[in-house]
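Here is a short briefing on the structure below.

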Amino acid sequence: MTALDTRPGVWRAVRGNRAGLAGLVILAVVVALALLAPVLTDPVALDVTRATGARLAPPNGRFWLGTDESGRSVLLLTWWGARISLLVGLAAAALSVVIGTVVGLVAGQFGGWVAAVLMRATDFFLVLPALVLAIALSTVLTRGLGTIVLAIGVTSWPTTARIVRAQTLTIRTRGYVDRAVALGGGHWHVISKHVLPAVLPLVLANTTLNVAGAIIAESTLSFLGLGDPTQVSWGSMLNAAWTNGAVTAGAWWYLLPPGIGIVVVVLAFTLCGRALEAVVLPTRRGGGRG
Amino acid sequence: MAVAEPLLEFRGTTVHFGPVAAVRGVDLTVRAGETLGVAGESGSGKSTLALSVLRLLPRTATVGGQVLLGGADVAGLSWGQLRAVRWAGTAIVFQGAMHALNPVRRIADQIAEPILLHGSDRDVDGRVHRLLDQVGVPARAARAYPHELSGGQRQRVMIAMALACDPDLVIADEPTTALDVMVQAQVLDLLAALVADRAAGLLLISHDLSVLAGTCQRLAVMYAGRIVEHGPARDVVDHPTHPYTQALAAAHPKIGDPASRLAPHGLPGDPPDPTDLLGLRCPFQPRCAAARPDCATADVTLRPAGEHRQAACVLVDRSLGAHR
Amino acid sequence: MSLLRADDVAIRYGPVRAVDGVTLDVAEGEIVALVGESGCGKTTLATTLLGLRRPDTGRVLFDGVPLPTGGRGLRRYRRQVQWVPQDPTGALNPRHTVYQAVAEGLRVHRIGGDEPTQVREALAHAGLRPADRYLAKLPGELSGGQRQRVVIAGALALSPRVLVADEPVASLDASVRGEILALLLRLRADLGLAAVVVTHDLGLAWHIADRVAVMYLGRIVELGPAADVLTAPRHPYTRALLSVVDGSRDRVVLPGEPPDAARVPGGCRFHPRCPALAGGTARAVAHRCRGVDPVPLTGAGVACHLREALTGSG
């Protein structure tokens with residue numbers, strides 16, 4: 001039969017994919033830590049004026065990952081930075097996926113000049129250097145997390161749009177869509193009852209990969225100094241490390257934790273996303289009998 | 001009278017995919033110049049049986065019993081011998097053959113492929129053109145691509161490919177499904193004529209009894225991996241004794257027969273899935289309108305059902321006296 | 001008064017004359033078989049009868065009234081004329097239960113009333129009893145025949161007056177086909193449901209049709225009561241088809257294949273392959289066969305110059 005997409009099927013298949021499982025576990029840990037940050041630690045220590053450590057001190061008994069240029073614990077910064085990076089990554093991915101899904105659905109369902117216009121817009125945004133556009137947006141709009149989310153979301157939806165459109169076109173060739181139309185169903189009925197349920201699993205897989213990209217994008221923007229100056233994120237830590245001469249001072253403890261954090265989280269999302277994709281797009285075909 | 005070795009013989013052939021039995025004991029023979037039809041629907045094992053002849057089954061398949069090609073068990077052939085026999089000794093026209101053509105290669109190249117594979121490269125072009133001529137495809141089709149030909153023409157090309165190496169035996173698995181009635185008749189006539197010309201043997205597999213009746217001398221009906229009826233083709237189709245054969249025959253009524261006018265009959269349920277057959281009983285029993293109590297408890301094997309006829313049904317014993 | 005009528009309908013796709021002037025009536029409670037080989041236009045005609053495609057010339061009338069053109073009007077029309085597709089497996093969303101599949105039509109048309117009861121009734125009419133046993137099943141858990149019954153139940157839920165079935169049993173195993181055909185007959189008897197059955201299988205027409213229309217290259221070449229057309233065919237094409245299906249020794253296998261609908265032969269469109277013309281039987285009217293297109297049938301009859309000449313009338 002066609003793709004298995006019932007809940008138990010997805011879970012069972014993901015369980016079987018070890019890489020995906022590893023990614024899921026890592027994500028679970030990171031998200032848990034991020035959420036529990038205010039519970040397990042005292043954010044007061046993030047305040048620059050209340051820092052107690054020595055400037056750029058290497059890892060020692062009191063500060064396990066050393067201190068930054070203001071004397072704050074790098075461990076604390078990394079931990080809290082995770083919240084911002086994850087938040088922005090997820091929000092930006094969500095925005096991108098929503099835009100992409102709507103565009104893809106409309107283009108796939110309606111065809112004609114509507115689709116032509118939408119797809120040309122998609123191509124336009126696809127070709128545009130996303131980072132450059134994000135930078136431009138960030139400098140023009142007020143600095144802040146919202147701006148970053150907007151900048152990333154508005155530049156990374158084209159891939160989702162194309163995937164969703166392709167899947168919509170595929171579903172629309174299915175016999176049961178013809179039947180729905182013959183029964184008298186209109187566009188809304190076909191989209192909501194048949195196309196969307198079939199497209200969502202694909203969107204989910206794509207979202208997960210999107211988040212990975214969004215986190216990298218956020219880190220890049222923050223590293224370039226375009227992030228929110230009042231919030232600590234991994235990208236801003238890298239920026240701070242850079243501008244405060246941590247490299248020349250050999251303060252590896254300031255650069256490595258945020259860097260590794262980014263790599264680990266992005267890797268985890270990617271593994272999950274790939275595993276979901278493998279589940280959602282089965283390539284096996286039912287064999288003949290007799 | 002010396003009887004020549006049969007081209008193909010199945011002796012108690014079984015095919016298992018792990019615990020699943022696709023073919024459960026088949027005995028059949030095809031001699032040179034003979035046409036044998038095998039009728040069955042999905043799950044009957046007919047295609048599996050065909051593939052077992054040239055060891056074309058997947059690795060997960062275990063073949064039991066014997067499959068003899070020209071007297072030699074295919075299981076015992078070496079790889080080189082097997083390769084030599086494939087196509088040059090026995091050729092298969094596959095189910096959905098029209099889709100088995102490579103869409104990006106020209107027709108002539110595809111027909112030439114088996115010729116070249118089997119070592120002979122003399123006058124390949126000439127042979128390809130002669131083959132196309134024999135199957136009634138215009139010569140200009142040689143330079144065409146598959147999508148430029150009609151369904152009927154593609155099927156003829158598949159037959160040309162099958163005959164390319166002058167095989168002794170041709171196995172055709174549903175060669176006319178998806179073809180129109182008229183084209184179907186053309187293709188079957190062609191197949192029968194070509195096979196007769198070469199005094200080759202033909203094993204024709206189909207779910208359509210009328211197709212088999214018109215082209216084959218003998219007919220075997222398969223159900224759930226076994227043969228349930230066997231005999232002269234016309235006889236079996238006109239006077240079926242096994243309830244399943246009767247149901248298959250009813251699917252193609254004799255037009256003009258008032259008995260079937262506005263009176264379609266079908267069987268409930270579906271042909272059985274090889275994966276869920278258990279127990280010792282006649283596999284047809286759940287769908288049989290004439291089932292007796294003992295049909296559910298004892299397996300049923302082939303038994304005589306008239307002159308040159310056999311059927312795997314207990315009813316045959318009782319009616320043998322009254323049977324024509 | 002006919003229930004559903006195609007009035008001199010023509011449908012073209014550029015140079016392809018898929019349907020080239022067809023008039024066909026379907027009466028209340030009548031089963032008409034639309035028979036022909038691939039490319040004859042029978043499926044295109046069926047799609048047009050369903051209102052899924054507008055004819056380029058001519059019109060389709062239901063209860064004497066031309067089909068609506070607007071979305072809402074067409075939607076109301078769809079309740080009256082329902083479609084039974086060839087492949088029941090593809091026609092059912094694999095994620096929807098039987099209940100959802102049957103209720104889909106009711107929901108689309110926002111038909112009030114007790115939905116569960118309507119669904120159960122439809123399933124019962126379609127022969128799936130006890131209906132409760134099937135409600136929660138997914139298509140993958142059903143046999144081929146059962147899936148087709150679910151599709152038919154989905155159509156029945158809207159209480160249509162005509163079913164248009166395109167090869168309704170071609171995807172089913174041979175031994176199962178009779179069941180679905182018997183169902184169509186029973187629906188005719190119980191609910192007075194008319195049907196247009198598109199098929200290439202003449203045996204199917206013998207099994208259930210009241211009237212048979214034989215199509216060739218976009219035209220109906222013979223139309224009449226099924227028993228007559230199938231046992232005493234008059235058009236050379238029908239005769240050839242029947243002789244082949246028979247499997248008898250003296251069958252007429254037509255050479256070649258029907259030509260492209262983009263290049264319909266001049267004169268009688270069948271004349272290049274006509275055995276009567278080739279064999280000399282039609283010598284007297286040969287010039288007409290080659291030069292004059294027979295008038296499209298408007299009712300029972302044969303579109304053949306030879307037949308016309310033999311019977312002395314049109």
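This is a predicted model: local features need pLDDT of at least 70, side-chain atom pairs count only at pLDDT 80 or more; totals for chains, interfaces and linings use all residues.

**Sheet in chain C**
- The sheet is open and has four strands, in the order β2-β1-β4-β5 of chain C.
- Its pairing is antiparallel.
- The edges are β2 (16-26) and β5 (65-66) of chain C, and each of these pairs on one side only.
- In general, strands of a sheet pair through backbone hydrogen bonds, either parallel or antiparallel.
- Strand β4(C), residues 57-62, is joined to β5(C) by two bridges, and the two strands run antiparallel.
- C:Phe62 stands opposite C:Val65, a residue of β5(C).

**Backbone geometry in chain C**
- Most residues other than glycine have a negative phi, and most peptide bonds are trans.
- C:Asp8 has a positive phi, near 50°, and is not a glycine.
- C:Asp8 counts as partly exposed because its relative accessibility is 42%, between the 20% and 50% cut-offs.
- C:Ser159 also shows a positive phi, near 50°, in a residue other than glycine.
- C:Ser159 is placed in the loop between α6 and β7 (162-166) of chain C.
- With 55% relative accessibility, over the 50% cut-off, C:Ser159 therefore counts as exposed.
- The peptide bond from C:Arg129 to C:Pro130 is cis, and its omega is near -5°.
- C:Pro130 lies in the loop between α5 (115-125) and α6 (144-156) of chain C.

**Chain A: fold and extent**
- Chain A has eleven helices and zero strands.
- Read along the sequence, its pattern is α-α-α-α-α-α-α-α-α-α-α.
- The C-alpha trace of chain A spans about 75 × 45 × 30 Å along its principal axes.
- Of the contacts in chain A with a separation of 6 or more, 73% are between residues 24 or more positions apart.

- Chain A has 290 residues, and 46% of them are buried.
- The accessible surface of chain A is about 13900 Å².
- Carbon and sulfur atoms account for 69% of that surface.
- Chain A carries 21 positive and 10 negative side chains.
- The centres of these two sets lie 14 Å apart.

Technical notes. Residues are numbered from 1 along each chain as its sequence is written. Chains are lettered from A and ligands numbered from 1 in the order in which they are written. Side-chain values use heavy atoms; hydrogens and water are left out. Buried means under 20% relative accessible area, exposed over 50%, partly exposed in between (1.4 Å probe, protein chains only). Contact means heavy atoms within 4.5 Å. Accessible areas come from the Shrake-Rupley method with a 1.4 Å probe; for residues, only the protein chains shown count as cover. Lys and Arg count as positive and Asp and Glu as negative; His and the chain ends are not counted. The place of a charge is taken as NZ of Lys, CZ of Arg, CG of Asp or CD of Glu. Two strands pair if DSSP finds at least two bridges between them.
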